[in-house]
Amino acid sequence: MRTVAVLALLAGLCAACGSSSHSAAKPSFDKPARNAWFPLRPGTTFVYTGEKDGVEGRDIVKVTGRTKVIDGVRCTTVDDRLSVRGRLAERTSDWYATDNTGTVWYFGEDTAELNKAGKVTSREGTWRAGIDGAKAGIFMPAQPKVGQSFRQEYLKGHADDHFAVLSLSASVLVGYTASAHALLTNEWTPLEPDTLDHKLYIRGIGLAKEETVKGGNERWELADVLHQ
């Protein structure tokens, strides 16, 4: 899709972001249903290879068995370790919870950027629902539909990612697998208005590919999936 067309679509979608970002009724999490597009199976490790800012790297994402109660909801902890040039550059713990309808909610993250000596240089982007006005957002709806848009996270001035569903029949080919029926999304944030990302999800697996298509140089593709 041409960039002009993408931006035109986003202009229309953004107008609806405020009303579609959160469910009108408070979700229940006592009997979570599985989300096929973003399954959170403890013990699953996703291996991504690609590049960030022109530098090759490796991103290891693990769904752990650890949980954390955030804003009254028990969330699954997902560890994310990004290495560039063979050294750990970022470490993040993300917290997700799936509600009774199968919608996955994002409740926060603890992020640290590290220098070559392994010392933390920044924690920008860290937030947790229920603290300092931060709110959980919808990370993946139970039944995605083209045209839907949601806010994934919110902490004023620090975290404000949004996404829109573009297609349920996109093609994707990565080292681990391929599909002609992938879920394609746009992802953007008002905090970086000149940047636009595409993400591709495969049903039953999860995120297969993400790429910055405007305003940056970052690309990650699923190379392997490991199960404990």
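How many helices and strands are there in the protein? The predicted model contains one helix and 15 strands.

**Figure 1. Overview of the protein.** Of its 228 residues, 48% count as buried. The accessible surface comes to about 11500 Å², and carbon and sulfur atoms make up 49% of that area. Among contacts with a separation of 6 or more, 46% are between residues 24 or more positions apart.

**Figure 2. The aromatic pair F29 and F107.** The count of aromatic pairs comes to nine. One of them joins F29 and F107 in an edge-to-face arrangement, with 5.9 Å from centre to centre and 75 degrees between the planes. F29 sits in the loop between α1 (3-20) and β1 (44-52), whereas F107 belongs to strand β5 (residues 104-114). The two residues are 78 residues apart, and their pair links distant parts of the chain. F107 has a relative accessible area of 4%, which means that F107 is buried, since the limit is under 20%.

**Figure 3. The aromatic pair Y96 and Y106.** These two rings are stacked, at 5.0 Å centre to centre and with 20 degrees between the planes. Because Y96 lies in strand β4 (residues 87-98) and Y106 in strand β5, the pair ties together parts that are 10 residues apart in sequence. Are Y96 and Y106 buried or exposed? Both Y96 and Y106 are buried.

Note on methods
Residues numbered from 1 in each chain as written. Predicted model: local features only at pLDDT ≥ 70, side-chain atom pairs only at ≥ 80, totals over all residues. Heavy atoms only, no water. Phe/Tyr/Trp six-rings, centres within 6.5 Å; stacked < 30°, edge-to-face > 60°. Helix = DSSP H or I, 4+ residues; strand = E, 2+ residues; numbered from the N terminus. Buried < 20%, exposed > 50% of the residue type's maximum accessible area, 1.4 Å probe, protein only. Contact = heavy atoms within 4.5 Å. Areas by Shrake-Rupley, 256 points an atom, 1.4 Å probe, with all protein chains shown as cover.
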